[in-house]
Amino acid sequence: MKTRPRALVIGGSIGGLFAAHWLRATGWDVRVFERVGDDLASRGAGIGTHEELRAVISRLGLTVDETIGVWVHTRICLDRGGRITHQLATSQLQSSWARIYRLLKDAFPAADYRFGMALERIEQDAGGVTAFFADGSRERGELLVGADGVRSTVRELLLPEAQPRYAGYVAWRGLVDEATFSPPAHKELFERYTMCFPDGEMMLCYPVPGRDNDTRAGRRGYNHIWYRPTDGREALPRLCTDASGHCHGISIPPPLIRPEVTARIKADARELLAPQIAAIVERTGQLFFQAVFDLESPRIALGRVALLGDAAFVARPHVGAGVTKAALDAECLARAIQAADGDLDTALSRYDRERRLFGSRIVARARKLGAYIEAQLKPPSERTEAERQPPPEFLMREIGTINLDLKALTAPEGATP
Ligand SMILES: Cc1cc2nc3c(=O)[nH]c(=O)nc-3n(C[C@H](O)[C@H](O)[C@H](O)COP(=O)(O)OP(=O)(O)OC[C@H]3O[C@@H](n4cnc5c(N)ncnc54)[C@H](O)[C@@H]3O)c2cc1C
């Protein structure tokens, strides 16, 4: 009997799990190596989904039913006084990082997924790839998938010049329980996608699965995400400095964010956002933030190594498509290998061509949507036309609704559906 070729997947988050499932489904013996020591399900927050994400999950044979997320059919924009200024009928399923992770992780054989395995180094030769881990162990496979996120070790080893670029703003995030809404606030807000656009900023709020991924009425969660200009030289390191004065770099574990920093965010919310949204920020137990980056890799296939998900390209979150992109990358990789009948050179060069085009287009789309927030760090006289704040109608239509079909994404401007 022919032995199955082995794939080593570095990174056991959503991108790594999609890669693992797709390769396994197409005949590979897959091992996943995740640096973190235990289950990742407590991570993350709400995510917008796309039709394409549900379709990829279904093609894997996993269940996509009503428990995958919360449907929202209306978007509203609130002004500073709390009045609805714009309304748009559009349907989108809002899910959460943990819900998608759980679905993928539980369906993958536990014995082939190893926590606490930090990749340090790789060696390639004509026959395959050897991965060396921090605990001194090594593994060998015919293919290695770098699904290790925006700070990818795999990319750093092979393409050190491809560095994420800080976009000049952060996303302040938080989650509150549905049960904390008063009946009038629930009626007005809960089942809608609500947006506020203070000058140079963007606040988005929507329902998501609640604790333990519960999507039953009364047990859901409400996610908010507030994009705020934050200069990378001083303000960001200050945000990332804990009470002992230690700066954690460009992110900080949420419990270490200084209380005066979150108090400031809550005060700004009262000053800049609709009162009903400021009230939600106020009662959020743990506010946290993520710096926003752009990343474009000049190549995503290098010998026997493929980069995938955020390790390959990071589009700003305004397209709400990181998870879907990772899923589509994984499917493309597996299908390209299948179509090439095991000829990895042909397969990987096809993967590189198709997903690099997709990745660079989506990064450009997302950058355009966030250009006005980034431009707040420049004096107004230096801002270009493309850096002016678009009207709310435009942002309400475009945020998170991109058509992820490659043909549509690469169609000439104006012809995109
Ligand atoms: C503010 C914000 C909002 C977002 N909103 C959305 C949204 O609405 N919709 C959406 O689809 N996406 C959204 N995203 C993007 C989405 O979260 C990511 O695109 C997605 O999680 C990418 O997954 P990944 O598996 O490629 O990378 P990651 O989730 O970063 O996973 C990388 C994994 O690799 C592991 N790792 C790293 N180094 C090593 C190593 N050396 N050895 C072993 N393991 C390693 C890490 O521990 C981690 O588990 C958002 C992102 C942000 C920042």
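This is a predicted model: local features need pLDDT of at least 70, side-chain atom pairs count only at pLDDT 80 or more; totals for chains, interfaces and linings use all residues.
How many residues surround the ligand, and which are the closest?

1. The ligand has 33 residues around it, and Ser13, Gly15, Glu34, Gly48 and Thr153 are the closest. Sorted by class, the shell comes out as 16 nonpolar, 11 polar and six charged residues.

2. Glu34 puts a polar side-chain atom 2.6 Å from a ligand oxygen. With Gly48 it's the backbone: an N or O atom there sits 2.7 Å from an oxygen of the ligand. Val323 also uses a backbone N or O atom, at 2.8 Å from a ligand oxygen. As for cover, the ligand on its own would expose 1,000 Å², and the protein buries 88% of that.

3. In terms of secondary structure, at least two shell residues each come from helix H1 (14–25), strand S3 (46–48), strand S11 (165–177) and helix H9 (322–339). H9 gives the most, with three residues.

4. Now for helix H3, residues 97–106. Eight of its 10 residues are buried, so the helix is largely enclosed by the rest of the structure. The buried set is Trp97, Ala98, Arg99, Ile100, Tyr101, Leu103, Leu104 and Lys105; note that Arg99 and Lys105 are on that list.

5. What covers those buried H3 residues? The cover includes H1, S3 and H9, along with helix H2 (51–59), strand S5 (84–96) and strand S6 (113–114).

Conventions:
Residues are numbered from 1 along each chain as its sequence is written. Side-chain values use heavy atoms; hydrogens and water are left out. A residue is near a molecule or strand if one of its heavy atoms lies within 4 Å of it. A polar contact is a pair of N or O atoms within 3.5 Å; within protein, one must be able to donate a hydrogen and the other to accept it, and residues adjacent in sequence count only if both atoms are side-chain atoms. Accessible areas come from the Shrake-Rupley method with a 1.4 Å probe; for residues, only the protein chains shown count as cover. Helices (H or I, at least four residues) and strands (E, at least two) are DSSP runs, numbered from the N terminus. Ala, Val, Leu, Ile, Met, Phe, Trp, Tyr, Cys and Pro count as nonpolar, Asp, Glu, Lys and Arg as charged, and the others, Gly among them, as polar. Buried means under 20% relative accessible area, exposed over 50%, partly exposed in between (1.4 Å probe, protein chains only). Contact means heavy atoms within 4.5 Å.
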